[in-house]
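Please study the sequence and the structure shown here before reading on.

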There are 2 protein chains.
Amino acid sequence: MTAAGVRIGLDVGGTKTAGIALDEYGATRATVRIGTEWGADGVIAGVLEAVMALRAELPPLTAVESIGIGIPGLVDAESGRVLHAVNLGVQSLDVADRVALATGAPCFVENDVKAAALGAASLRESREPLAYLNLGTGVAAGLIVEGRIWRGARGTAGEIGHLVVDPAGRVCGCGQRGCIETLCGGGALARAWGADAEFPVTDMLDAADAGDAAASALREDLFRGVAAAVRALVLAADVETVVIGGGLSALADRIVPGIRARQQEEAASSAFLRSLRLDERIEMLPADSPVAAIGAALLGSAPAETVARHEEITHG
Amino acid sequence: MTAAGVRIGLDVGGTKTAGIALDEYGATRATVRIGTEWGADGVIAGVLEAVMALRAELPPLTAVESIGIGIPGLVDAESGRVLHAVNLGVQSLDVADRVALATGAPCFVENDVKAAALGAASLRESREPLAYLNLGTGVAAGLIVEGRIWRGARGTAGEIGHLVVDPAGRVCGCGQRGCIETLCGGGALARAWGADAEFPVTDMLDAADAGDAAASALREDLFRGVAAAVRALVLAADVETVVIGGGLSALADRIVPGIRARQQEEAASSAFLRSLRLDERIEMLPADSPVAAIGAALLGSAPAETVARHEEITHG
């Protein structure tokens, strides 16, 4: 019998890569945080550096069962290739093959939002359908059904950032007008606010608190956009819970009351909406919750394993 | 060994009930069409009458393996109870128990749109995720994933009729403003058109053809609403195909070119939308296709059976 090894998960972001090593019980054995390097070779070098740094924290001879990588861009999970990861300067990269070759460990690759959805689901006791709504520079969601990532027919399941909710709204980077992302995406809000601040969304919220009319309107857009995203996820896919994460979740205290107030205002005019209890179905992740790295570490494991650590499995 | 029996499926509509009997190969052995009776006892009486009429068409002693019923309203598929079927004058009715007691056959009950989705999926060779979009008095969709009805956490999956796509739009029966249903629901279009015609949507389309500005605007709303529904189904749930049925599908020749033109117009401004090829993902059902009755007949059968008649099963 060999000693059980660890599963490594990496969340390769535009500026930082977060890594985690989970043991067979899902407990964290090591974490690491390094800068992300640019371009295809840089990404691979950074992944290998993070893996080595994690191994250095672990007892000698600890086996690496698998390496999972969450990465922005279009991911073909079967081949482990990523396309159009523009934030990383990557056009096309066979991540899984190159990392597996260099490390000897099985390697799995997933879009970072979908990986985060898997991680967020693994932290919950319920196995009800769940959406993870990422409020970052852009807006996208990942869906988890029966413990698995639900990707749909072509991999666009959860891409609700580009649903149009206001034909008179602002033009989106995608070319449409009034997408959900134009209302509550960090990038769109920063562009609309226009201030040359280090944290433009925080700056906008500060100005709204101070009574600035333009900032207040943008803040209301933010609340309205998140409410629309949650409504779309529930009405189209009927997830039980929408877990909200991403960069803007660091501002939870300043935005959650407004999001709930907006949801309640909308429900006040509609018995149908009230029956959905949307305001009770959102949850915020702690801002520093490493869900994408955790989800990446769970890639390739059986669905049941993603919850076995937290509950007895009661469903066949 | 007993001879294989039939599965009976009934589509209980507001005015008519359509029935079908399928043999073990999925072939149609009998059909029936009777008026729907009002109220709880009327619905049960009508169901039993349709079952008897179907049996009268079949060889004596043909066994009835199951009776499936598609019915508008809120259906608890597990208990076989329907709630709030306002079109039928039913507040609450234990359909499955009462029909099973009277007939001795196992009885399954499902919302009519979800049943139609199952029926539409069974007529296709592909097992890719599918949505059935019902354009009737109201607008709702049913989702089929891996041959099964996907109902979500609370049964609202596919209820995209009440997604808001225009905050400046008309007030919806649900209390919100600018829902998809206000744009392309037959009831909402008839109210907005206001003409005292037997077929108000046809009347509106005729007036639009004749150059009436108000009618042309409503016709454009219809195209825009269907395009928004398809986009929401693909972006949230990523179904491969959206099959369109319901009362308005009788007008396919007059609306499909406009829907596709609207989709292409939207795609022209957005590379992202173009990549989704939404205009290639819609299909119209023939107006008289009995998909809800077929789907009802398939309720309670294993998912594989729903396609076994049409293709060799290639997925485990």
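Leu233(B) touches Ala236(A), Ala131(B), Leu133(B), Ala141(B), Ile160(B), Val239(B) and Val242(B), leaving aside residues up to four places away in sequence; two residues are in contact if their C-beta atoms, placed from the backbone, lie within 7 Å. This is a predicted model, in which local features need pLDDT of at least 70 and side-chain atom pairs count only at pLDDT 80 or more, while totals for chains, interfaces and linings use all residues. Residues are numbered from 1 along each chain as its sequence is written, and chains are lettered from A and ligands numbered from 1 in the order in which they are written.

Leu233(A) and Leu233(B) touch the most other members of the largest nonpolar core, which has 206 residues. Such a core is a set of buried Ala, Val, Leu, Ile, Met, Phe, Trp, Tyr and Cys residues joined through C-beta atoms within 7 Å. A residue is buried if 20 or more other C-beta atoms lie within 10 Å of its own, exposed if 12 or fewer, and partly exposed in between.

Helix α1(A) comprises residues 39-57; helices are DSSP runs (H or I, at least four residues) and strands likewise (E, at least two), numbered from the N terminus.

| Residues of α1(A) | State |
|---|---|
| Val43(A), Gly46(A), Val47(A), Ala50(A), Val51(A), Leu54(A) | buried |
| Asp41(A), Met52(A), Ala56(A) | exposed |

Among the elements they pack against are β1 (6-12) and α2 (95-103) of chain A.

Definitions and conventions. The expected span of a helix is 1.5 Å times one less than its number of residues.
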